[in-house]
Amino acid sequence: MLTLVFHSSGTDLLAEQRAEPDVAGYDVLIRVEACGVCRTDLHVRAGELPDINYPIVPGHQVVGRVVAAGTHSEIAIGERVGVTWLGWTCGQCDYCRSGRENLCDAARFHGYQLDGGYAEYMRADARYCFPLDPALPAATTAPLLCAGLIGFRSLRMAGDARRIGIYGFGSAAHIVTQVATHEQREIYAFTRPDDTEACEFALATGATWAGGSDQPAPCALDAALIFAPDGALIPKALKDVRKGGVIICGGIHMSDIPSFPYADLWGERQIRSVANLTRQDGHDFMALAAEGFLHPCVTTYPLADANAALSDLENGTLNGTAVLIVD
Ligand SMILES: [Zn+2]
Ligand SMILES: [Zn+2]
């Protein structure tokens, strides 16, 4: 099978032919149909995360079909599944036993410690796969499995906030905007300064307002979701949210946060991160997605062109989500 592999930090993907993985126990072998490209994959490429299990096949937004299953798998051969970032948790620790398996210290993640979906086949633990309707289109379903889910978890942390700023209008942002507007909330989108194309994309997706991150918010916001990996956006967002507002950081990696006056945090403003997802998030979000109002914008690439997809994401030259298609 064709696989694309990061062998060390700072290097491009290399194409390799490998044998298909064996399956046993709870494993399933999945024939990949589509795999979304996530900013986290860029952080894996750059070695910006701890404990990357090189050589690693990235990819954690996978739509595929089960072609082999271990004896303990409750998913049968032929079923359509989605694979997310969460690959395995211990099930024993305080976090796992209190509905917070996303924080498990022993958790393992696809495309980071476990080989992911930049391949014709991948192995996954059936207990962490999500059943998908066979009729769903692969390319536009893949982005729901990380970008959609992390956006959804971030939006839930914003509580009942009505006016929400989004900083960095890419893959997660354009899906969470569709969820938020469906819930009658208003989105204020902040893009890279002078990125008129991204502003137009945000407005077309349903944002109430769009502008550069060098501009002040046009009104006081109730919450801010930060998806761009730029720590300087946190003090910026603190100035945009009103008293009691919350800043939610959705990315796995961010540059250092510049210092800021305590007065900007004063007034019970909060800053918090979103880490990973739980399986419950997956079930909740996929049930919402089944209502059919989400329409991710995708740019597709053949699997073999994954390096081009990563550089287009890095350079901000694509709207929505890059998705690799496996023939
Ligand atoms: Zn991701
Ligand atoms: Zn655990």
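How many bridges pair strand β13 with strand β14, and in which sense?

## The strand pair and its sheet

Strand β13 (residues 221-226) and strand β14 (residues 241-249) pair in the parallel sense over five bridges; strands pair if DSSP finds at least two bridges between them. Across this pair, Ala 223 stands opposite Val 246 in β14. This is a predicted model, in which local features need pLDDT of at least 70, side-chain atom pairs count only at pLDDT 80 or more, and totals for chains, interfaces and linings use all residues. Residues are numbered from 1 along each chain as its sequence is written.

The pair belongs to an open sheet of six strands with parallel pairing, in the order β12-β11-β10-β13-β14-β15. At its edges, β12 (209-212) and β15 (270-273) each pair on one side only. Strands are DSSP runs of E with at least two residues, and helices are runs of H or I with at least four, numbered from the N terminus.

## Two domains

The domain assignment, automatic or from a database, gives domain 1 (2-145 + 297-325) and domain 2 (148-273). Their C-alpha centres lie 27 Å apart. Here 15 residues of domain 1 are in contact with eleven residues of domain 2, contact being C-beta atoms, placed from the backbone, within 7 Å. Helix α1 gives the most to the domain 1 side, with three residues.

## Helix α1 and its partner

Helix α1 (residues 39-46) also packs with helix α10 (residues 306-315), at an angle of about 105° and with axes 10 Å apart. Axes are lines fitted to C-alpha atoms over the stretch in contact, and angles run from 0 to 180 degrees between N-to-C directions. The two helices are therefore roughly perpendicular, a label for 65 to 115 degrees.

Note on methods
Chains are lettered from A and ligands numbered from 1 in the order in which they are written. Angles under 35 degrees count as roughly parallel, over 145 as roughly antiparallel, 65 to 115 as roughly perpendicular and the rest as oblique. Two residues are in contact if their C-beta atoms, placed from the backbone, lie within 7 Å.
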